[in-house]
Amino acid sequence: FRILDSQGNCIGRSVSQWCAIDYTARRPAPLSKLAHLTAGTTTDQPFPCDPPLKIKPFEAETCFSKTVKYTDIDFNRHMNTLRYLDMLADALPLEVVTGDNKLRADLHFVKESVYGEVLNVAKQEETPAGPDGASSYRMSISKADGTLVILASLSFKA
């Protein structure tokens, strides 16, 4: 996805990589078997950023907890992706998320969460903010029982 200003200049971009899930086996399904569903949905545009990061689980203290409410869920009654981003942003210092920085966010969705579940956010600062405002964090969202929901890496650069 590209965000263009009124003159057609690219001022933001996003890449989303998806996998298909076999609902019966609850395992990833080979996308090659789904080519008939994806025809016309891909582009030959060059990849605009580095490849996705491999994010390994880590241990960290919980920053805060949140119970999934009605306004957090989508039509499948799963937590909406944007609500996960809200939770990750809420765990960061205000000056980081409100600064004039470029953001790279890698999110690995591991398990869905549903209405009524308690989610815990943890973070580990990987690169402390330097004089240029650059910083990076490894983050996770887990269920109250410890089940991992999301692993994330957020990097802010001036």
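## Strand β8 and its neighbours

Strands β7 and β8 run antiparallel and are joined by eight bridges; two strands count as paired if DSSP finds at least two bridges between them. Strands, like helices, are DSSP runs numbered from the N terminus (helices are H or I with at least four residues, strands E with at least two). The model is predicted, so local features need pLDDT of at least 70 and side-chain atom pairs count only at pLDDT 80 or more, while totals for chains, interfaces and linings use all residues. Residues are numbered from 1 along each chain as its sequence is written, and side-chain values use heavy atoms, with hydrogens and water left out.

## Burial of β8

Nine of the nine residues of β8 are buried, so the strand is largely enclosed by the rest of the structure. Buried means under 20% relative accessible area, exposed means over 50%, and partly exposed lies in between (1.4 Å probe, protein chains only). Ser-135, Tyr-137, Met-139, Ile-141 and Lys-143 point one way from β8. Ser-136, Arg-138, Ser-140 and Ser-142 point the other way.

Ser-142, in strand β8, is buried with a relative accessible area of 15%. Beyond residues up to four places away in sequence, Ser-142 touches Val-118, Leu-119, Asn-120, Thr-147, Leu-148 and Val-149. Such a contact means heavy atoms within 4.5 Å.

## The largest nonpolar core

The largest nonpolar core has 19 residues. A core of this kind is a set of buried Ala, Val, Leu, Ile, Met, Phe, Trp, Tyr and Cys residues joined through side-chain atoms within 4.5 Å. The residues with the most contacts inside the core are Tyr-84, Leu-119, Met-139, Ile-141 and Leu-154. At least two core residues come from each of α2 (81–90), β7 (118–127), β8 (135–143) and β9 (148–157). β9 gives the largest share, five residues. In soluble globular proteins, nonpolar side chains tend to be buried together.

Leu-154 has contacts well beyond its own stretch of sequence. Leaving aside neighbours within four places, Leu-154 is in contact with Leu-88, Leu-92, Leu-103, Arg-104, Ala-105, Ser-135, Ser-136, Tyr-137 and Met-139.

## One aromatic pair

A search of the whole structure finds one aromatic pair. The rings of Tyr-84 and Phe-109 have centres 6.0 Å apart and planes at 65°, so the pair is edge-to-face. Rings of Phe, Tyr and Trp (its six-membered ring) pair if their centres lie within 6.5 Å, and planes under 30 degrees apart count as stacked, over 60 as edge-to-face and the rest as tilted.

Tyr-84 lies in helix α2 and Phe-109 in strand β6 (residues 102–109), so the pair ties together parts that are 25 residues apart in sequence. Tyr-84 counts as buried at 3% relative accessibility, whereas Phe-109 is partly exposed at 47%.

## Exposed residues

Phe-1 is found in the segment before β1 (2–4) and counts as exposed at 70% relative accessibility. The C-alpha atoms of Phe-1 and Ser-14 are separated by 5.0 Å, although the two are 13 residues apart along the chain. Not counting residues up to four places away in sequence, Phe-1 touches Gly-12, Arg-13, Ser-14 and Ser-16. Ile-11, in strand β2 (residues 10–13), is exposed at 60% relative accessibility.

## The chain as a whole

The chain has three helices and nine strands, running β-β-β-β-α-β-α-α-β-β-β-β from the N terminus on. Buried residues make up 24% of its 158 residues. Of the contacts with a separation of 6 or more, 60% are between residues 24 or more positions apart.
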